[in-house]
Amino acid sequence: MDFALSNEQRDWQMTARKFADEEIRPISLARDAIPTARETFDWEIVKKGSKLGFRTLAVPKEYGGHGTDFVTQALVMAELARADSAMSKTFSQNWKWSHLISHACSDEQKARFLKPFVADDTFLLGKGISEPGAGSDNRLPPEDDPKSGLKLRAERKGDDWILNGEKCFIANAPVGKLFFIDARTDPSAPLRQGTTMFLVPRDTPGFRIGKVFNKSGWRFYQNGEMIFENARVPQANVVGQVNGAVRKAGGGGEDTTGGDIFGDLELCANALGICDDACQVAMRHARTVKQGGRYLFEQQIVQLHINKMYMLTEALRSFVLRVAWEHDKKIRSCNAGLAMNFSTDVVQQVTELYMDVRGVEGCSMDHHADKLARDAIIWSHLAGDSVQRMKVARRLS
Amino acid sequence: MYNLRLSPEQLEIRDTVREFVTREVKPVLLKADRLDVADRRLPMHLLEEASRLGLRTLALSEDNGGIGADALTSCIVAEELAAGDADIAAVLTETSRLAHLIFDRALPQAERDRLLPKFLADDGAHLAFADREADTDTRLGVNYHRPDVTAPSLAATAVQAGNGDWVITATKTGVANAPVARAFAVTVKIAGRAGEGVLLVAADAPGVIVAPHAKAWPHGTSGDVTFADCRVPAGNLLADGSAALLRDAGGHGVPLAQAINLGIGRAAYEAAIGYAKLRVQGGRPIAEHQAIGTKLANIAIKLEVARATIWQAAWACDHPEAYADRSLTDLPLQTIAQVFTREAMLEAAKDAAEVFGAMGVMRDMPMQKYVHDARVCLHGSDSNRDARLRIAEALLGYRRPALAAAAE
């Protein structure tokens, strides 16, 4: 076993740390405090990060990206998330779908979409799956209810497909230029046999963005509704086969897990960044703030809290890097899913412990401590809900 | 006899408050524009309506014009109010608590006759306890099982003028209810006297300056209050021992804050179970799936256990003789209820929010507010870290020398 990072991995980690400290952290709290959801976003940070490679990190080198390995991707996500979890996710969300383009799209589609994506610092990607009536049913389609799941309909008309319906809670919807859209092409078949994936550019006629959701955590990260009213998408934008099984990011022909291999790693690596941040500020706070004339750190309970925070964080780091390494070695396992579930428990415990170390100061709670706890709650429905846990158990079986 | 069968009066008042919350509070406070925890304005008209139901003067004795509710009834009402809105519950319970302690127990008769009618007549009149000063946060963490030899004494002072008036100089911080208070009970050091005194000061007295907190963490409303050469009549000095009475320290007080915390958890639970019955995924309402059913059961268990500890602590306040005959343990029951309820309600609110999926984190939906509210309770003025130390000191029979004595 060798836990050492390569020079290239270390370089990316250091570049990310510098960018996080110098560019992300200084604007993080101010962006979080903006009350209107669509105004929390900042194109400047996207452009600056893009120029350093953080938007196209996962695009293969032959398409002009950086072609980094999963270990590098995990390190960079954690470093960016240490300064702002939502900004880290805004970058890595593009990796998730650039993995999908490289694994699932035809060469013609790659040329048509990856090239402009790489060239444009403001080109962001998204994927529309969830709908108002279909959340868990997409993740874990019930065997006894084959009609359940997403309802957005796509019907063939000549060389085009006509899409009608809506998506909700779609990340990057308000800011993305290109989306993968899962649509029902055979409504009589179960989800996995009747769904087709389409590439839908932002300017597709009949497609528009509705409400921008105002979340309590991850405020920078844009999330919105998508509305399709006779949206016209060419046959050339069908990804894979019509009614082809739902493909997952990073999977494609060399899927090593039968699941969403990048997405699971992404959530646990991002959580690790929040935990690193919380540990660092908790230690600093405990060693610089006095109560009754003595440093907080002198209190046994504070030491025990900080011990637990570091213990959980280091356990998560080991798990995250092992999963990333396994992905790079194409080792088949369910560890990515387990690590994602685990990261939910860890990030929520660590941020609550930090808030407890901190405590209320007069009549106010430290904004940063509050933000970390709010960001951590996002994991409840993305990474640690019972469906996500049962899904992994079923993979294990 | 330990008996938690509610009296007909208790049942009636619970139903009345529940109906008020359902009909008046929820329709206003569950609207999207009132759910943003970063922008919470106190609904004054609802506070006034609650006052007309007697909730502002709930614990004040009937002889003095209140409802005369005991500790258990007060907790039942606090839970019901908080199931609608924690801010309303916080403001009303603080005024009710102080009205009882000040008018029923601490204020001399003559002053009571003078001040009480004004207080009763005004549905917007609230009370506040101005005690806390900067840098006087609890130091239990560094003084566990040791006397707090460095405890600062109050900086606030009162001196008696030639005509007998008290002249107060004080700067108080984090005063609950300050922006809506018509009168403050102010703790002061009185020159030449041992211990601390408490003076009642009208909010419109010259020299009183209230600076409301724009975005305070605690529920209700709060602010900093300055008393600059503020004069009050001689009779406004409350009875000896009032500072300890109003501080309600020692862990044996009425568990009102815990009842509010419970109400927050209950609101989250009611929302979750309602949604789990309606939302269909996996071919059936999600409540019928084991994973969600178990989650709902866990929330219900936490609510019931929390309510049992809160009611026991409240019942103990109403039956102090139960300590004497050893029916009750001599432990700080309120503090025990606090530690359990705070932690259990945050877990309950998080589980309830998870039932809603992504809607559990949306600012125009109630679940994120319940999670925030439960977190506000958990990280309240007195941390559970310190509360556990207080319980541990009680277990070991450690008696903390009075702070005042240490400061002399």
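Q: Which residues have the most contacts inside the largest nonpolar core?
A: In soluble globular proteins, nonpolar side chains tend to be buried together. A nonpolar core is a set of buried Ala, Val, Leu, Ile, Met, Phe, Trp, Tyr and Cys residues joined through C-beta atoms within 7 Å. Buried means that 20 or more other C-beta atoms lie within 10 Å of the residue's own; exposed means 12 or fewer, and partly exposed is in between, with C-beta atoms placed from the backbone. Here the largest core has 239 residues, and Cys268(A), Val186(B) and Ala352(B) have the most contacts inside it. This is a predicted model: local features need pLDDT of at least 70, side-chain atom pairs count only at pLDDT 80 or more, and totals for chains, interfaces and linings use all residues. Residues are numbered from 1 along each chain as its sequence is written, while chains are lettered from A and ligands numbered from 1 in the order in which they are written.

Q: What does Cys268(A) touch?
A: Two residues are in contact if their C-beta atoms, placed from the backbone, lie within 7 Å. Leave out residues up to four places away in sequence, and Cys268(A) touches Leu316(A), Phe319(A), Val320(A), Val323(A), Ala339(A), Met340(A) and Ser343(A).

Q: How many helices and strands does chain A have?
A: Helices (H or I, at least four residues) and strands (E, at least two) are DSSP runs, numbered from the N terminus. Chain A has 13 helices and ten strands.

Q: Is helix α11 of chain A mostly covered or mostly open?
A: Mostly covered: nine of the eleven residues in α11(A), 367-377, are buried. Among them are Leu372(A), Arg374(A) and Ile377(A). The cover includes α1, α4, α8, α10 and α12 of chain A, together with α12 of chain B.

Q: How do β2 and β3 of chain A pair?
A: Two strands pair if DSSP finds at least two bridges between them. β2(A), residues 153-157, and β3(A), residues 160-171, run antiparallel over five bridges. Glu155(A) has Ile162(A) as its bridge partner in β3(A). The hairpin has two residues between the strands, and Gly158(A) takes a positive phi near 65° there.

Q: How many residues of chain A are in contact with chain B?
A: 37 residues of chain A are in contact with 36 of chain B. α6, α10, α11, α12 and α13 of chain A each supply at least two residues of that side.

Q: What share of chain A is buried?
A: Buried residues make up 55% of its 397 residues.
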